[in-house]
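Q: Could you take me through how to read a helix and its charged contacts in a model like this one?

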Amino acid sequence: MTMYKLSGVTKDYQKGRDTVHALRGVDLVIEDRDWLSIQGPTGHGKSTLLQILGGLDRPTAGVVDFDGQDLAQMREVHLTQVRAQSIGFVFQTFNLIPTLSAQENVETALVPLRIHGHDRNARVLKALEDVGLGDRAKHLPSELSGGQQQRVALARALVKEPKVLLADEPTGNLDEDTRDEIMTLLEKFWLEYGLTVVVVTHDSVVAKRAQRIGTMRNGRLTLKSTGRRSASNAGTPVGPRTGVAKAAAAKLAEAKAAAEAAEAAAAAARAAAAAAEAEAADADSADLTDTSDVVDFSDR
């Protein structure tokens, strides 16, 4: 399934009397569960492209088809809903609210979805556990290291169970060891949940984790493959993405189990009926061959 299809996308900015052509006729297809890295010199359109993929900006011209909907023509209210439900964002500077705890920062992603009470609390705590910060839920960002803050940001992006994760220099402020930890986490979630991932990065080590690497130069995009397999055929089972999907999958599993049990019971009933029929046939045969009750008229 195609997650993104961009056709002839351009983005122009006015800078004084000059027009800056940030994107020049970008054509791009990103399949569901793909991982694309985007590299290129500063100021050549990488972040602009990512913002358009995330519905944070609109193109000057062209089509931005996201899961069958054109983000370029979408009403702002609908676009906001799509961002809130389907797209997770991770930024270089973490973008955490300094006065909120780690738990509260992650909760902000669920507010637009109107998820409340126990469900919200459980999902937030699980998201923090998944990134290794279950014991830091009450800490403020200032009480966390850079790597821990980015883990909170990753939990915030994933707690709503999005279809797509967009990351703009997610390891740009981290040392190499912490970078590798964050990217290992990201890859784990990509494989387990079948995310579509797009990462803008200057770091070639990060870029090479993707299946494809796009290079932006002067607003134009060129692509090459890294030879990596997609999440859908990487050998790791992909779980349901959303709570609704998980509930549906559970119901389907229950229905299948019930059907299998019913089929087994029916087979047992058929076997019992066959056995009873065979026993009855044997009894009839025995009655026919038993002569103890037969009257002999030969002497009369």
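Q: Which residue takes a positive phi just after H4?
A: In this predicted model, the residue is Gly132, which follows just after H4 and has a phi of about 80°.

Q: Which residues of H4 are buried, and where do they fall when seen down the helix axis?
A: Residues under 20% relative accessible area count as buried, and in H4 these include Arg120, Arg123, Val124, Ala127 and Leu128. Viewed down the axis, the buried residues of H4 fall within an arc of 130°, and therefore line one face of the helix. The cover over these buried residues includes H3 and H5, while the face turned away from the buried side carries the exposed residues His118 and Glu129.

Q: Which residue forms a salt bridge with Arg120?
A: Side chains of opposite charge can pair when their charged atoms come close. Here the side chain of Arg120 meets that of Glu107 in a salt bridge, at 3.9 Å from N to O. Because Arg120 lies in helix H4 (residues 117–130) and Glu107 in helix H3 (residues 102–107), the pair ties together parts that are 13 residues apart in sequence. Both Arg120 and Glu107 are buried.

Q: Which parts of the chain does the salt bridge between Arg151 and Glu181 tie together?
A: The closest N and O atoms of Arg151 and Glu181 are 3.4 Å apart. Arg151 is buried, with a relative accessible area of 17%, whereas Glu181, at 43%, counts as partly exposed.

Q: Which residues are linked with Arg58 in a network of salt bridges?
A: Arg58 is linked in such a network with Glu76 and Arg83. Within it, the side chains of Arg58 and Glu76 meet at 3.1 Å, N to O, and this pair links distant parts of the chain, with Arg58 in the loop between helix H1 (46–53) and strand E4 (61–66) and Glu76 in helix H2 (residues 76–86), 18 residues apart. Arg58 is partly exposed, at 25% relative accessible area, and Glu76 is also partly exposed, at 45%.

Q: How many salt bridges does a search of the whole structure find?
A: The search finds 14 salt bridges.

Notes. Residues are numbered from 1 along each chain as its sequence is written. This is a predicted model: local features need pLDDT of at least 70, side-chain atom pairs count only at pLDDT 80 or more; totals for chains, interfaces and linings use all residues. Side-chain values use heavy atoms; hydrogens and water are left out. A salt bridge is a side-chain nitrogen of Lys or Arg within 4 Å of a carboxyl oxygen of Asp or Glu. Helices (H or I, at least four residues) and strands (E, at least two) are DSSP runs, numbered from the N terminus. Buried means under 20% relative accessible area, exposed over 50%, partly exposed in between (1.4 Å probe, protein chains only). The arc is that of the directions from the helix axis to the C-beta atoms. Contact means heavy atoms within 4.5 Å.
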